[in-house]
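Please walk me through this structure in the viewer, one selection at a time. Tell me what to pick next and what is found there.

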Amino acid sequence: MKRVLGGLLLALSLVMSALVLNAGLGFAQVQAQTPTKSQFVPLVSQSQNQMGAAMNAQASGAEAVSAVGAGAGLDYVLAPNDRVRLMVFGEADLSGEFVIDSGGMASLPLVGEVQAAGMNLRTFQREVERRLKNGYLVDPRVSAQILNFRPIFVLGEVKMPGEHPFASGLTLLNAVAQAGGFTPLANTQRVYIRREGSPEEEELVVRSGVPVMPGDTIRIDKSAMFIYGEVRTQGELPIPPGLTVRTAVAQAGGFTELADTQTVFVKRAGSEKEIAVPFDSGALVQSGDTMRVDKSSFFITGEVASTGELPMRPGLSVTTAAILAGGFTTRADTRNVFIRHAGEAKEKRYKLTNDLVVKKGDTIRVPERFF
């Protein structure tokens, strides 16, 4: 038994000695390979880069998926105000978040300023790798990801016009909602978009799914008409699809008591000439139209109970007009009246008969009887 134990202890001692000898040799080899301070070259070895790339392979895959998922794949073109996360694998000091300035430059560690605006992410990555390889790293590996996109602008008939942040997957309707939604006077059928870098606007039909890109300028035009005259609510009013002259008057609260309910006057946008349009014609109102509802009334003065302006009625006689004004006074001359027609400077004397009718704009004066 003692012989067996002795043999085991001897074998264990030999194994431990071999391990110590190998460790010493390994340490000596490492010491021999370590450069002195004077031998140091500011280049990272290829094996170290490969090791860093291997250690970060899983992270780089996640970053790439994240970038694409955010709507900013490698084909995304950079521009001022974009915020970029730059990862130089194995080099934490060279990684970080950088904003592209108004001149389109990104100021990076070691390599300095890089012209980024106009490059897509793929080209930007390659350019940074090229700069780092030129005297700094042996085999640099760079990944770029968009963090904050440049904003969009929503102008015109929205409740909060101005600059708004871009978000992944942003659509036209989302952008309008982000700007507070349409105003009551907005054209909700068509919209104008000027893509970044384009001098011209593109007219689009408003529908779900229309994509918006960073830097886009969206303009919501007005779809409104102006109505004044003898309606209860004068001013600018929206134009829903299919608005007719009749429904426009209804939208303005309807006619006043003195309104001409037969004809309205419409002036089209860009024209100085009014067009007389029958109220019941079914004519459509267009954006920019100005509608005027004229009076259809007359004035009566003199020997009646209530003088003033009264509404016209088709076929209204002077006698009936006097009755509408409260009737003749006891001093009224019921045989003669004086009438000044619209546009005339002087009044004329008329014999009061049942056939004498009132015209629009007439001023009737019932004289006093002296005998």
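## The whole chain

Of the chain's 371 residues, 37% count as buried. The model is predicted. Among the contacts with a separation of 6 or more, 54% are between residues 24 or more positions apart.

## A sheet of three strands

Next, select E2, E1 and E5. These strands form an open sheet in the order E2-E1-E5, and the pairing is antiparallel. The edge strands are E2 (96-99) and E5 (142-148), each of which pairs on one side only. From one strand to the next, the twist averages 30°.

Now select E1, residues 83-88, together with E2: four bridges join these two antiparallel strands. Pick Val84 and look across to E2, where Phe98 stands opposite.

Then turn to the pairing of E1 with E5. Six bridges join these strands, which also run antiparallel. To find one of the paired positions, select Arg83, whose bridge partner in E5 is Asn148. In general, the strands of a sheet pair through backbone hydrogen bonds.

## Around E5

Why is E5 largely enclosed by the rest of the structure? Five of its seven residues are buried, so the strand counts as largely enclosed; buried here means under 20% relative accessible area.

Last, select helix H4, residues 121-133. This helix lies across E1 and E5, and runs at about 130° to E5.

Terms used:
Residues are numbered from 1 along each chain as its sequence is written. This is a predicted model: local features need pLDDT of at least 70, side-chain atom pairs count only at pLDDT 80 or more; totals for chains, interfaces and linings use all residues. Side-chain values use heavy atoms; hydrogens and water are left out. Two strands pair if DSSP finds at least two bridges between them. Axes are lines fitted to C-alpha atoms, for helices over the stretch in contact, and angles run from 0 to 180 degrees between N-to-C directions. Contact means heavy atoms within 4.5 Å. Buried means under 20% relative accessible area, exposed over 50%, partly exposed in between (1.4 Å probe, protein chains only).
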